Amino acid sequence: LIIRQEAAVILARAFGLQAKSKAAADKFSDSGEIASWAKEPVSAMVENGYIAGRPGNVFAPLDIITRAETVKMIDNVMGELKNIAGIYTGSVGGNLVVNTAGVELRDMVIAGNLYLTEGIADGDVVLDGVIVKGNTFIAGGGKDSITIKNSSLEGTAVVLKVDGKIRIVAMGSTDIAKLQLHSGATLQETGLTGTGF
C-alpha cells in the first residue's frame, strides 16, 4: 500500500518535475500534514495541474491512494502515449511519451514535456517540425538514433541514456535552448540553419 504523498513523489521524480514554488501545495487546507520531503514534489504536481486534491480542498497526504486516484494521477502526468511505430502529427495539449522505436513526430506542438523513454532502446526517433514548450527528456535511442530537424525545444533538453551510447542530430532550423547531459552522448549538427545545440 502507498499513501498519496508517496505516489506524488514517485511520479514527480519519474517525470523529472520540479516545483517553481514549494508553496504551491499550501493551497490545500491540510498542507501542514504534507511531509517536508514530499512538499516540493507535491507542489510540482499541483503547479502542473496533475493533482487537484479531494473535496473540501484537502490533499489527504497520509491516506492510502485508491486505484482510481492512481490511474488518474498517472494519466494526468503521462498525457499522450505513442507506443506503436509510425508517423504522428497534430498538437498535444499536455505531455507526450514515446516508448518505442520507429516513431516520427511531424508538424506538432507539444504544450507540455516530451519524454523519449527507455522503451525506445537503441532504436530511432525523428522530430520534424516539432515545437516542445516544456522540457525534453531523452532516455532512449542508440548510436544513430535521435534526429531533430526544423524543430524547437524551448525548455531544457535532458539526456540520460543508461549506457551513454546515443547520438542526437540537429538539422535544419533546429533550436535547442538548453541542453543537460547526465550521460554520455554524441551531438552532431548537420545542414544546420538554426542555432542547434
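These legends go with close-up views of a predicted model.

**View A. Helix 2 from end to end.** Here's helix 2, running through residues 36-47. Its twelve residues reach 17 Å from the first C-alpha to the last, close to the 16 Å expected at 1.5 Å a residue.

**View B. The buried residues of helix 2.** Quite a list here: Ala38, Lys39, Pro41, Val42, Ser43, Ala44, Met45 and Val46 are the buried residues of helix 2.

**View C. Where helix 1 meets helix 2.** The two helices pack at an angle of about 70 degrees, and their axes are 8 Å apart. That angle makes helix 1 roughly perpendicular to helix 2, and their crossing is left-handed. On the helix 1 side you'll find Gln5, Glu6, Ala8, Val9, Leu11 and Ala12. They meet Trp37, Ala38, Pro41, Val42 and Met45 in helix 2.

**View D. Glutamate 69 and its contacts.** This view moves over to helix 3, where glutamate 69 is found. Its side chain is joined to that of arginine 54 by a polar contact of 2.8 Å. Leaving out residues up to four places away in sequence, glutamate 69 touches Arg4, Arg54 and Ile64.

How values were computed:
Residues numbered from 1 in each chain as written. Predicted model: local features only at pLDDT ≥ 70, side-chain atom pairs only at ≥ 80, totals over all residues. Heavy atoms only, no water. Helix = DSSP H or I, 4+ residues; strand = E, 2+ residues; numbered from the N terminus. Expected span 1.5 Å × (residues − 1). Buried < 20%, exposed > 50% of the residue type's maximum accessible area, 1.4 Å probe, protein only. Polar contact = N/O pair within 3.5 Å; in protein donor to acceptor, adjacent residues only side chain to side chain. Contact = heavy atoms within 4.5 Å. Axes fitted to C-alpha atoms, helices over the stretch in contact; angles between N-to-C directions. Parallel < 35°, antiparallel > 145°, perpendicular 65-115°, else oblique. Left-handed = near helix turned anticlockwise from the far one by under 90°.
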